[in-house]
Amino acid sequence: MLRICSLLVLLAVPAASQLSAATVTGLPRVVDGDTLVVANTRVRLFGIDAPEAKQSCKTAQGVRWACGRAATAELQRLVGQGVRCSGDEEDRYGRLIAVCRAGGRDLNAEMVARGAAFAYRKYSRDYVSQEERARRAGLGVWQGAAQRPAKVRAAAKVQNPPENCAIKGNISGRGRLYHLPGTRAYAATRINEAKGERWFCSEADAKSAGWRRAGG
């Protein structure tokens, strides 16, 4: 009986232990305030949400400033001569969700502490204390009015696709259709991920997921 119980315990353990962490190191390319490319791996900083690249915010006097570009520049300053990013999951775009460090500092925490990013409370509360301190000090996005990046993305009239994944997967009364760049309905098609719509990187990806070409 003891041997049988031991076997059952061993069989139950691998499901959790198989989730091994992935770590990438190197001099990164900064895509925006919360995205890096490290050693050919796209990395999304865990637990934070930086202003969109083209997003603007307002100062206390109501003057607009390019908070998206400022966030990108801040991350570029922080990465220094290289980063070490570790995580154990990917997002829907295949990006490694990770905590990145440079010079012994948690870059995710630093971005929030400097007012260059928001704590992404939808997914984590790890950086809420840094956000509260930045808010009280009026740093970065907290110096005036700033819209949460998630709302900016949801309301954007012009949607920016993930890198090299510009095919739009749209759901309509005609079913699940994908639209290629340059086709008639492409510009007018909006992707609403809450409805299950999505971007595809290739026609093969779209077809394998069960979508068909618009007009086909």
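**Reading the cross-links, charges, rings and space**

Mentor: With 115° about the S-S bond, the link of Cys 85 and Cys 100 is right-handed. The pair connects distant parts of the chain, with Cys 85 in strand β8 (residues 83-90) and Cys 100 in strand β9 (residues 96-102), 15 residues apart. Helices (H or I, at least four residues) and strands (E, at least two) are DSSP runs, numbered from the N terminus. The model is predicted: local features need pLDDT of at least 70, side-chain atom pairs count only at pLDDT 80 or more, and totals for chains, interfaces and linings use all residues. Residues are numbered from 1 along each chain as its sequence is written, and side-chain values use heavy atoms, with hydrogens and water left out.

Trainee: By what rule is a disulfide assigned, and how many disulfides does the count come to?

Mentor: A disulfide is a pair of cysteine sulfur atoms within 2.5 Å. The count by this rule is three disulfides. In the link already described, the sulfur atoms of Cys 85 and Cys 100 are 2.1 Å apart. Cys 57 and Cys 67 form another disulfide, also with 2.1 Å between their sulfur atoms. Cys 57 belongs to strand β6 (residues 57-58) and Cys 67 to helix α3 (residues 67-79), ten residues apart. The torsion about the S-S bond of Cys 57 and Cys 67 is about 70°, so this disulfide is right-handed.

Trainee: How many salt bridges does the rule give?

Mentor: A salt bridge is a side-chain nitrogen of Lys or Arg within 4 Å of a carboxyl oxygen of Asp or Glu. The count comes to 17 salt bridges. One of them joins the side chains of Arg 29 and Glu 163 at 3.6 Å, N to O. Arg 29 is in strand β2 (residues 29-32) and Glu 163 in the loop between α6 and β12, so the pair ties together parts that are 134 residues apart in sequence. Arg 29 is partly exposed, with a relative accessible area of 44%, and Glu 163 is partly exposed, with 41%.

Trainee: Are Arg 44 and Asp 34 buried or exposed?

Mentor: Arg 44 and Asp 34 are both buried. The closest N and O atoms of their salt bridge are 3.5 Å apart. Arg 44 is in strand β4 (residues 41-45) and Asp 34 in the loop between β2 and β3 (35-38), ten residues apart.

Trainee: How many aromatic pairs does the structure hold?

Mentor: Rings of Phe, Tyr and Trp (its six-membered ring) pair if their centres lie within 6.5 Å; planes under 30 degrees apart count as stacked, over 60 as edge-to-face and the rest as tilted. The structure holds three aromatic pairs. Among them, the rings of Phe 118 and Trp 142 have centres 5.4 Å apart and planes at 75°, so the pair is edge-to-face. Phe 118 lies in strand β11 (residues 118-119) and Trp 142 in the loop between α5 (128-137) and α6, so the pair ties together parts that are 24 residues apart in sequence. At 1% relative accessibility, Phe 118 counts as buried.

Note on methods
Buried < 20%, exposed > 50% of the residue type's maximum accessible area, 1.4 Å probe, protein only.
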